[in-house]
Amino acid sequence: MTDTTALYVYALVPDRPGAADGVTGLDGRPLRLVAVAGTGVAALVHDGEPEPFQGGDEQVRRWVEEQSHAVTTVWERTGSALPMTFNVLVADEPPPGNGPGPGRGAEQRLTDWITSRASSLTNRLQELAGRCELRVEITLDRPAAPTTTPAQGTAATSATETRSPGMLRLLGKQREQQARNAAGELADTLHARVRHRLLSVAEDLRDRAPTQRPSDETHVLSAALLVRHEDVDAVGTVLSRTRAEQPACRVRFLGPWPPYSFADTEHRFQSDEVAGEPSGRAPR
């Protein structure tokens, strides 16, 4: 045990002695593993004060990247991980009201929490062993997406040659709306098709909120995939096939990463067990 007043928790991992050797976390803090006897589980932590990390956007982004790098390094060494969100701290327990002696220390609280959930945590770490997370986002480039047949396009061009400027603006807005509608219908079709294909090679798929995109793109799919390492190329094949079938598709494919999106709430510390509220920001 240490005399530290808090532990910043990065992830829960299989207990592999030496897996954190030489790894640093936020602001270069050295990391260590807190092994929990009888569970096969260890917590990746740094020792610190019971104060959450707070700063400007750029500074927080840097901390998040440092946390991500640390978790990824230890995940690669241990083969599995349940990553925590940013700013998860376990503090010393305050002394009881009028009782004798201090409350539990941070490390004892952490080991007690893990021990009480050992079966669930161990099972989930085993389920995630050899798996990684991939992020996929697909959109449609509306200007490049099919909206009319060649004959329709020719007729529309001829009709506009004799229109007034006001009518041309109205027709332009109508065509823009038609393009949006056509892209939306195509996106719905592609969503169902690609989702089915991805689930044929991924073990799990979780929808994510779309990232910010150019105004001329239509959202198709944004998802996190849980994939065996040996199936990463198969996901790439699915996406390449989708792009070949519909050249207007724009595909963003990121990873492999530790399974951030698949460490469920039950495997993370609850708010009454941390010092300060977690920010809720995942490192990825």
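This is a predicted model: local features need pLDDT of at least 70, side-chain atom pairs count only at pLDDT 80 or more; totals for chains, interfaces and linings use all residues.
User: Which residues touch the most other members of the largest nonpolar core?

Analyst: That core has 49 residues, and those touching the most other members are Tyr10, Phe86, Leu198, Leu225 and Val235. Among the elements that give two or more residues to this core are strand S1 (6-14), helix H1 (57-78), helix H5 (165-199) and strand S9 (249-257). H1 supplies the largest share, 7 residues.

User: With its neighbours within four places in sequence left aside, which residues is Leu198 in contact with?

Analyst: Leu198 is in contact with Leu205, Leu221, Leu225, Val235, Val238 and Leu239. There is also a second, separate core, of 23 residues, which includes Val41, Met84, Ile114 and Ala263.

User: How many aromatic pairs does the structure hold?

Analyst: It holds 4 aromatic pairs. Tyr8 and Tyr10 form a tilted one, at 5.0 Å centre to centre and with 55° between the planes. Tyr8 and Tyr10 are both buried.

User: Why is the pair of Trp63 and Phe86 called stacked?

Analyst: Planes under 30 degrees apart count as stacked. The planes of Trp63 and Phe86 are at 25°, with ring centres 6.4 Å apart, so the pair is stacked. Because Trp63 lies in helix H1 and Phe86 in the loop between strand S4 (82-83) and strand S5 (89-91), the pair ties together parts that are 23 residues apart in sequence. Trp63 counts as buried because its relative accessibility is 4%; Phe86, at 2%, likewise counts as buried. Ring pairs link Tyr8, Tyr10, Phe53, Trp63 and Phe86 into a cluster.

User: Where is the pLDDT below 50?

Analyst: The protein chain averages a pLDDT of 85, and 77% of the residues score at least 70. The pLDDT is below 50 over residues 149-156, a stretch with 1 contact in the model beyond near neighbours in sequence. It also stays under 50 over residues 271-280, for which the model has 23 contacts beyond four places in sequence.

Methods. Residues are numbered from 1 along each chain as its sequence is written. Side-chain values use heavy atoms; hydrogens and water are left out. A nonpolar core is a set of buried Ala, Val, Leu, Ile, Met, Phe, Trp, Tyr and Cys residues joined through side-chain atoms within 4.5 Å. Buried means under 20% relative accessible area, exposed over 50%, partly exposed in between (1.4 Å probe, protein chains only). Helices (H or I, at least four residues) and strands (E, at least two) are DSSP runs, numbered from the N terminus. Contact means heavy atoms within 4.5 Å. Rings of Phe, Tyr and Trp (its six-membered ring) pair if their centres lie within 6.5 Å; planes under 30 degrees apart count as stacked, over 60 as edge-to-face and the rest as tilted. pLDDT is the predictor's confidence in each residue, from 0 to 100.
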